[in-house]
Amino acid sequence: STLRISDSISALKNGEYNEGALGELGGFREGRTFPGPHGNPGATSVTFRHDWPNRGSRAIRVPHGVVPRDDFWNRLESVSGFVSRHNSAGHSLPIVDFEIHRDAIWPDSKYCHVMTMPWVEGRTIHSCARDLAEKCDHLALKALAYEFEEMGKQFQASPFDHGDISGGNIMVTTEGSLRIIDPDTLRHEEVPDPDISEVGHVSFAHTKRSGIRWENDLFRFPLEVIIVSLEALAEDPSLVDRYGDDDSSLLFDQQDLADPTESKLFRELCSHYDDRLSKRALRLRDAAAADSVTEANRILGSFRSPKPLPPNPVTITISPMGKFVPPESRMSSATRRAKLPIRIPDVMRREGDVE
């Protein structure tokens, strides 16, 4: 079956949902233009914010388009239990808890399952990093790169993997910590993998990733793309004016990863005066040219302890968050790179109303 975003909004307005699971209607964040709950649309779901006095603020994700089958929800329910136990045990991999609520909304008499999770106050790493580069905040960018190195080591030591690490599904909180917010392709070694319906964000995933079988350590290559981008911006913030865009690409885009030997960005980074950055960019370029994710991961190797931050490093609590105004396009339509499709929604950053 299929479901439209407007159907979900109507169901909430008309009380056609499980109030005990999702909360009272008055708690839903409303749009500026149209009365009723405000939805942030993504590729496969629409997210509503609900502020509940006794349970805090939550993100409520309702599918739109083709409604997933029960096996999709069954798998996520199993993964959710492992995430909850992982976080309760105090492990450091920053995956946000989430819950599946069965038959929680009833648009047009269709009973649909819903995902909820705590609302993360912050901005996506994509938005945060590009804004820091525009402010030439070198130390904050280095701090973010350090945090992503730590995340890579935490993934290596955990039973989890993620099939869609990208700039839009990792949040930088108002306190400056990282949170993984999109669990659709989150994997756990004790939960059977789902059918493959996507192969990652085109600006972050390896272009030779298999669409038939799940490979190991899918987090490794896209995390390296993010880290190299952050380290490059820390060394040369002007890169933000010449590469990437405001919607889907931090610095690298699909063409850079698909044809790295012809990439202008790779040429610039691989010949950079900073020896550490150039060596890391060369290694990423070789990995991007590899014929498989397995070979790319072999080239990249394991995450190692990053270079220590300076004493009393600058915090990123205020700089990326305070009084943020989304930047206007930095390139004209004639020179700006073509926008790429986004696989994972930037659900917690956009403020546009849904009709």
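Modeller: We shall discuss aromatic pairs, nonpolar cores and charged side chains in turn. Please keep in mind that this model is predicted.

Colleague: How many aromatic pairs does the structure hold?

Modeller: A pair of aromatic rings is described by the distance of the centres and the angle of the planes. The structure holds 6 such pairs. One of them joins Phe28 and Phe48 edge-to-face, with 6.3 Å between the centres and 90° between the planes. This pair links distant parts of the chain: Phe28 lies in the loop between helix H2 and strand S2, while Phe48 belongs to strand S3, 20 residues apart. Both Phe28 and Phe48 are buried. Ring pairs also bring Tyr17 into a cluster with Phe28 and Phe48.

Colleague: Which residues have the most contacts inside the largest nonpolar core?

Modeller: In soluble globular proteins, nonpolar side chains tend to be buried together. The largest core here has 69 residues, and those with the most contacts inside it include Phe98, Phe148, Met151 and Phe252. Helix H6 gives the most to this core, with 10 residues. Beyond its neighbours up to four places away in sequence, Phe148 touches Ile125, Ile170, Leu178, Leu223, Ile226, Ile227 and Leu230. A second, separate core of 18 residues includes Phe48, together with Leu22, Val46 and Val114.

Colleague: With which residue does Arg220 form a salt bridge?

Modeller: Side chains of opposite charge can pair when their charged atoms come close. Arg220 forms a salt bridge with Glu224, and the closest N and O atoms are 2.8 Å apart. Arg220 and Glu224 are separated by about one helical turn, because they are 4 residues apart in helix H6. Arg220 counts as buried at 3% relative accessibility, and Glu224 counts as buried at 0%. Arg220 also lies over the face of Phe303, 3.8 Å from the ring centre.

Colleague: Which residues are linked with Arg220 and Glu224 in a network of salt bridges?

Modeller: The network also links Glu149, Glu231, Arg276, Arg280 and Arg283. In total, the structure holds 27 salt bridges. Another of these joins Asp193 and Arg187 at 3.0 Å, N to O. Asp193 counts as partly exposed at 35% relative accessibility, whereas Arg187, at 8%, counts as buried.

Terms used. Residues numbered from 1 in each chain as written. Predicted model: local features only at pLDDT ≥ 70, side-chain atom pairs only at ≥ 80, totals over all residues. Heavy atoms only, no water. Phe/Tyr/Trp six-rings, centres within 6.5 Å; stacked < 30°, edge-to-face > 60°. Helix = DSSP H or I, 4+ residues; strand = E, 2+ residues; numbered from the N terminus. Buried < 20%, exposed > 50% of the residue type's maximum accessible area, 1.4 Å probe, protein only. Lys NZ or Arg CZ within 6 Å of the ring centre and 35° of its normal. Core = buried A, V, L, I, M, F, W, Y, C linked by side-chain atoms within 4.5 Å. Contact = heavy atoms within 4.5 Å. Salt bridge = Lys/Arg side-chain N within 4 Å of Asp/Glu carboxyl O.
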